[in-house]
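Please keep the sequence and the model at hand while reading.

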Amino acid sequence: MEDEGRDVQLEFRSLIEEIATHTNQVREKVKALSQQIADDPPNVNKGLSILEVKYHAFLEYLIGITYGMIIKVNGMSLQKNSLIDLIVENRTIIERIRPIEQKLKYQMDKVLKAARGDLSADDPLRFKANPDLLVTKGEASSEEELSEGEEEDRQKSDSKHSVGTYVPPKLVSMPYEGDLSLAEKKAQKEARIKRHLMTSTLLQELKEEYTDAPIELVDTDDIIKAKQHKRAKEKQEYEETYMTRMPLAKADRKGVKRTNLGTELTSFGNFASLMDEENEDFELPSRKKAKNALKKGKGGKGKKGKMFKRRK
Amino acid sequence: MTNETTATIRTRKFLTNRLLCRKQMVVDVLHPGRSSVPKTEICEKLAKMYKTTPDVVFSFGFRTNFGGGKSTGFALIYDTLDFAKKFEPKYRLQRKGMFEKKKLSRKQRKERKNRMKKVRGTKKAKVGAASGKKVMHTF
């Protein structure tokens, strides 16, 4: 017990000395800063308000902490003191501002760089859109801001095809498949099919049921698909409220045929191979096979039996 | 290959129709890796869920979604079999074997109509299909 008391005393003394040295340093720094601001008051009218909020919150927080320390040093308790609320509030504000500041960090750095004059006019990372690059010498125009790499490509291709041969713009990158062996290609294809099946409607609906995450509704740019989807939903709603099935009109049936995916994606075999991987020789329960089996069973026995009877 | 994976049945849009003494609902059947589930099986499972006998459960209108694995249909559960026979359309009763339709051929129908043409008024009703067979008096 005594040893513990002594340790606490020693710790306390070292902490007090630390506080003393730190406060002296801080006081000097604050003096220098306030002198600086008094000499040359900065213009904060057009600054970011979020930074102002942050600094105010910080100051209040520090004030609260120091006051708390004073109270503690004088031996009084901090319980049921409104100071705690002040400290907690400011701390929360600071923590909430951090991610917002992270998001703004890029823009702020760019602006500072430009103010200091570090960004040259030819820097392709400038934050302004360059309308001169909209229309180039005879290629299809792109209306997006070009990055450094694409600009260089454009210039190179311009020099090659200066005569007037049309070169389609390389807007979308395609995967290069020239160096793959047959087995690798097969593996890639299977992987693709698996990925498609993973996002199939059946699994999506099962997932929707058993997860607590909110349901995502997708907005597509394709107007035709959106209309079809809307019509299909309306039809489904009608059918479910009135408990009837509406027959498909001829035009709709043709549409359904056209929108059918390839058989490889939707055949039962592939789905089952996804669920049950040991069953490699899984076969479809095709109607033909069932019919043949039925015919064999019936025909064989029946025919034989009949013949017997007739003979008798 | 009889992959007997179990089917999961879920009901939606449940409604108690007091006027027709029945409960009506939309039924979702999940049956991955299996072709569509027969209606008899669905009726049995629903009867177990709602603690009735399967003969008052009528299911119809099942459509399997594209790609398989899920079907959606409707089901009606009547309070008693009498109400079921009263309110349910004949073709659905026929599916369960509770109703037999008279299979009159076209020729017979036309003959009956012609016999009815010869008589006036309420006597038409007496001219049934059987009256075509006139009694043969043998001497």
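## Surface patches

Which residues form a negative surface patch? The patch is formed by Glu2(A), Asp3(A), Glu4(A), Asp7(A) and Glu11(A), where Asp and Glu count as negative and Lys and Arg as positive, with His and the chain ends not counted. Patches are made of residues with over 30% relative accessible area and no salt bridge, like charges being joined within 9 Å and nonpolar side chains (Val, Leu, Ile, Met, Phe, Trp, Tyr) within 5 Å. The place of a charge is taken as NZ of Lys, CZ of Arg, CG of Asp or CD of Glu. Asp3(A) has its place in helix α1 (residues 2–39) of chain A, and, with a relative accessible area of 61%, Asp3(A) is exposed; exposed stands for over 50%, buried for under 20% and partly exposed for values in between (1.4 Å probe, protein chains only).

The model is a predicted one, in which local features need pLDDT of at least 70, side-chain atom pairs count only at pLDDT 80 or more, and totals for chains, interfaces and linings use all residues. Residues are numbered from 1 along each chain as its sequence is written, chains are lettered from A and ligands numbered from 1 in the order in which they are written, and side-chain values use heavy atoms, with hydrogens and water left out.

A nonpolar surface patch of about 290 Å² is made by Phe12(A), Ile16(A) and Val73(A), the accessible areas coming from the Shrake-Rupley method with a 1.4 Å probe and, for residues, only the protein chains shown counting as cover. Val73(A) is found in helix α2 (residues 49–73) of chain A, and its relative accessible area of 53% makes Val73(A) exposed. Helices (H or I, at least four residues) and strands (E, at least two) are DSSP runs, numbered from the N terminus.

## Salt bridges

Over all chains, the structure holds 12 salt bridges, each being a side-chain nitrogen of Lys or Arg within 4 Å of a carboxyl oxygen of Asp or Glu. One of them joins Glu101(A) and Lys54(A), whose closest N and O atoms are 2.8 Å apart. Because Glu101(A) lies in helix α3 (residues 82–116) of chain A and Lys54(A) in helix α2 of chain A, this pair ties together parts that are 47 residues apart in sequence. Both Glu101(A) and Lys54(A) are buried.

Lys105(A) and Asp109(A) form another salt bridge, with the closest N and O atoms 3.5 Å apart; both residues lie in helix α3 of chain A, four residues apart, about one turn of the helix. Lys105(A) counts as partly exposed at 43% relative accessibility, and Asp109(A) is partly exposed with a relative accessible area of 37%.

In the salt bridge of Glu239(A) with Arg245(A), the closest N and O atoms are 2.8 Å apart. Glu239(A) counts as buried at 6% relative accessibility, whereas Arg245(A), with 24%, is partly exposed. A network of salt bridges links Glu237(A), Glu240(A), Arg12(B), Lys13(B) and Asp28(B).

## Strands and a helix in chain B

Strand β3 (residues 57–64) and strand β4 (residues 70–78) of chain B pair in the antiparallel sense over six bridges, pairing being assigned if DSSP finds at least two bridges between two strands. Val57(B) stands opposite Ile77(B) in β4(B). The hairpin of β3(B) and β4(B) has five residues between the strands, and there Gly67(B) takes a positive phi near 95°.

Phe83(B) has its place in helix α2 (residues 81–87) of chain B and is partly exposed, with a relative accessible area of 30%. The C-alpha atoms of Phe83(B) and Arg22(B) are separated by 8.4 Å, although these residues are 61 residues apart along the chain.
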